[in-house]
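Let's learn to read a protein model together, one feature at a time. Have a look first, and then we will talk.

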Amino acid sequence: MGGEKAPLRVDAETAIILREAYHKIEALFRSDHYGLYDYVRFVAGKIAHVDAFFVGFLQGTSRIRYPYGYDDGEYVNPDTHNFGPNGQTAWLLSHRQTYRLAYDNGAALHAGIPVGEAGRRSADAVTVPIFRPAKSGPSQLFGLLSMQSYTPGSYDDNAVRAFEWLCELVERVLTREGEDREALRRLPAGDAAPNLLTSDHVMEYLSHRIASIREIAAEAMDEPDVRASVHAHLGRIIDATEHIQSELIEMLMETDEGPERRYASLTKAQQNVAVLLADGLDNDQLAAELGISLNTVKTHLSAILRKYGMAYRAQVADDIRKYLAR
């Protein structure tokens, strides 16, 4: 990734479209993922014909979640699939580059579980992997953006390069958010914990978003001519619910009830040690803070590591911080 990148080779009209997209994404979509994906699909559609558009994120070793999908003019419900060794996701993991249907006549694309309308096969497709920096070694592939068409030969080199550039914008937005979260995690537990996502945060989010839907419905009821305006209001309600579905499936990737269960398995004395462990205290500091012997501290730490099934105290400390977020 070192060195300056070469100028993007696209035609003048495409360059104007991409420049406008850059400024809008930077200004409007830093925290609105659904809006970001929807806008990228819109921009891609100004450059080439897009019948289907999907955004997916890898989770674990064989699962991919799709928080956003669009197929033949309709929004596709978010979904989760386990991917196999021969599909498009596996191809991206192996090759770490953009997939084009022409590379294998669609073999990888059609080998996986179809997303969207199952009865139709795309006749052209471009799928771009998105990466994030790793603490060591090569960058980590963590997602994909795919534009597809039911018309053969829809995507020439100009369209592919433009789509790759758009995907780089998405990658930077998502990576920047990850870097911000990592910076917060470096703070002491008391400061970092509220920024970690828990199921409580998900419920609070749901309550807020559903309240916004109720307000939209209330506005519709107050209109002097309900029939004349009902279509527009229903469209807003549908858009709001689509936002919720898309954002929730991304939140589900980050929620984990394990920290609470593991913390509850500790005795009171072990919990006292664990909470201070999250603040980075060493053994001598733990003993002094709790007024116990160094041997007792070591005994508690051994029990905590055993119950947590972890090898290192840093792993336990990170898990405790997640629990404290609640």
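This is a predicted model: local features need pLDDT of at least 70, side-chain atom pairs count only at pLDDT 80 or more; totals for chains, interfaces and linings use all residues.

## Reading helices and salt bridges

A: Welcome! Residues are numbered from 1 along each chain as its sequence is written, and side-chain values use heavy atoms, with hydrogens and water left out.

Q: Which residue forms a salt bridge with Asp157?

A: The general idea is that side chains of opposite charge can pair when their charged atoms come close. A salt bridge here is a side-chain nitrogen of Lys or Arg within 4 Å of a carboxyl oxygen of Asp or Glu. The partner of Asp157 is Arg100, with the closest N and O atoms 2.9 Å apart. Arg100 lies in strand 5 (residues 99-100) and Asp157 in helix 6 (residues 157-185), so the pair ties together parts that are 57 residues apart in sequence. Helices (H or I, at least four residues) and strands (E, at least two) are DSSP runs, numbered from the N terminus.

Q: Is Arg100 buried or exposed?

A: Arg100 counts as buried, because its relative accessibility is 18%.

Q: How many salt bridges are there by this rule?

A: The count comes to six. One of them joins Asp72 and Arg120, whose closest N and O atoms are 3.0 Å apart. Asp72 sits in the loop between strand 2 (63-71) and strand 3 (74-75), and Arg120 in the loop between helix 5 (107-111) and strand 6 (124-132), so this pair ties together parts 48 residues apart in sequence. Asp72 is partly exposed at 41% relative accessibility, and Arg120 is partly exposed at 35%.

Q: Which residues are linked in a network of salt bridges?

A: Glu20, Lys24 and Lys46 are. Within it, the side chains of Glu20 and Lys46 meet at 3.7 Å, N to O. This pair links distant parts of the chain, with Glu20 in helix 1 and Lys46 in helix 2 (residues 33-47), 26 residues apart.

Q: How far apart are the end C-alpha atoms of helix 1?

A: First, the rule: the expected span of a helix is 1.5 Å times one less than its number of residues. The 17 residues of helix 1 (residues 12-28) should therefore span 24 Å, and the end C-alpha atoms are 24 Å apart, which agrees.

Q: Which residues of helix 1 are buried?

A: An α-helix has 3.6 residues a turn, so residues three or four places apart point the same way. In helix 1, the buried residues are Thr14, Ile17, Leu18, Ala21 and Ile25. They are on the same side of helix 1 because they cover an arc of only 95° around the axis, the arc being that of the directions from the helix axis to the C-beta atoms. On the other side of helix 1, Ala12, Ile16, Arg19 and Ala27 are exposed.

Q: What about Glu164, and which residues is Glu164 in contact with?

A: Contact means heavy atoms within 4.5 Å. Glu164 has its place in helix 6 and, leaving aside neighbours within four places in sequence, is in contact with Thr98 and Val128. At 26% relative accessibility, Glu164 counts as partly exposed.

How values were computed:
Buried means under 20% relative accessible area, exposed over 50%, partly exposed in between (1.4 Å probe, protein chains only).
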